[in-house]
Amino acid sequence: MTDSKNINNPVGQGGGQRKRQSRAERQNNGPHRNLDRQSAADQKAELVRKMREKARAAEAAAAQAGDDTAQD
């Protein structure tokens, strides 16, 4: 019996049939990766939004402090 080296022709491998894998899936770029990339993009967008809010708050506080010192 010969052993196959092709992932899509699993001769001699127990466990029944295997799903045929596309080239992208064999390189770990399957559809699950798109979901991972989307969630990573969402997390990055949320982080950027929070950082911008903090920057605006710090800028407003600095402007307020500058106004207070000018009035004194």
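User: What should I keep in mind about the model and the numbering?
Analyst: The model is predicted, so to speak with care, local features need pLDDT of at least 70 and side-chain atom pairs count only at pLDDT 80 or more, while totals for chains, interfaces and linings use all residues. Residues are numbered from 1 along each chain as its sequence is written, and side-chain values use heavy atoms, with hydrogens and water left out.

User: How many helices and strands are in the chain?
Analyst: The chain has two helices and zero strands, where helices (H or I, at least four residues) and strands (E, at least two) are DSSP runs numbered from the N terminus.

User: And what share of the residues is buried?
Analyst: Of the 72 residues in the chain, 3% are buried, with buried meaning under 20% relative accessible area, exposed over 50%, and partly exposed in between (1.4 Å probe, protein chains only).

User: OK, salt bridges: how many does a search of the whole structure find?
Analyst: The search finds two, a salt bridge being a side-chain nitrogen of Lys or Arg within 4 Å of a carboxyl oxygen of Asp or Glu.

User: Which residue pairs with glutamate 46?
Analyst: Arginine 49 does, with the closest N and O atoms 2.4 Å apart; the two residues are three apart in helix H2 (residues 31–71), and therefore separated by about one helical turn.

User: What about arginine 49 and glutamate 53, how far apart are they in helix H2?
Analyst: They lie four residues apart, about one turn of the helix, and their side chains meet in a salt bridge at 2.6 Å, N to O. Salt bridges that share partners join Glu46, Arg49 and Glu53 into one network.

User: Is arginine 49 buried, exposed or partly exposed, and what about the glutamates?
Analyst: Arginine 49 is partly exposed at 38% relative accessibility, as are glutamate 46 at 35% and glutamate 53 at 41%.
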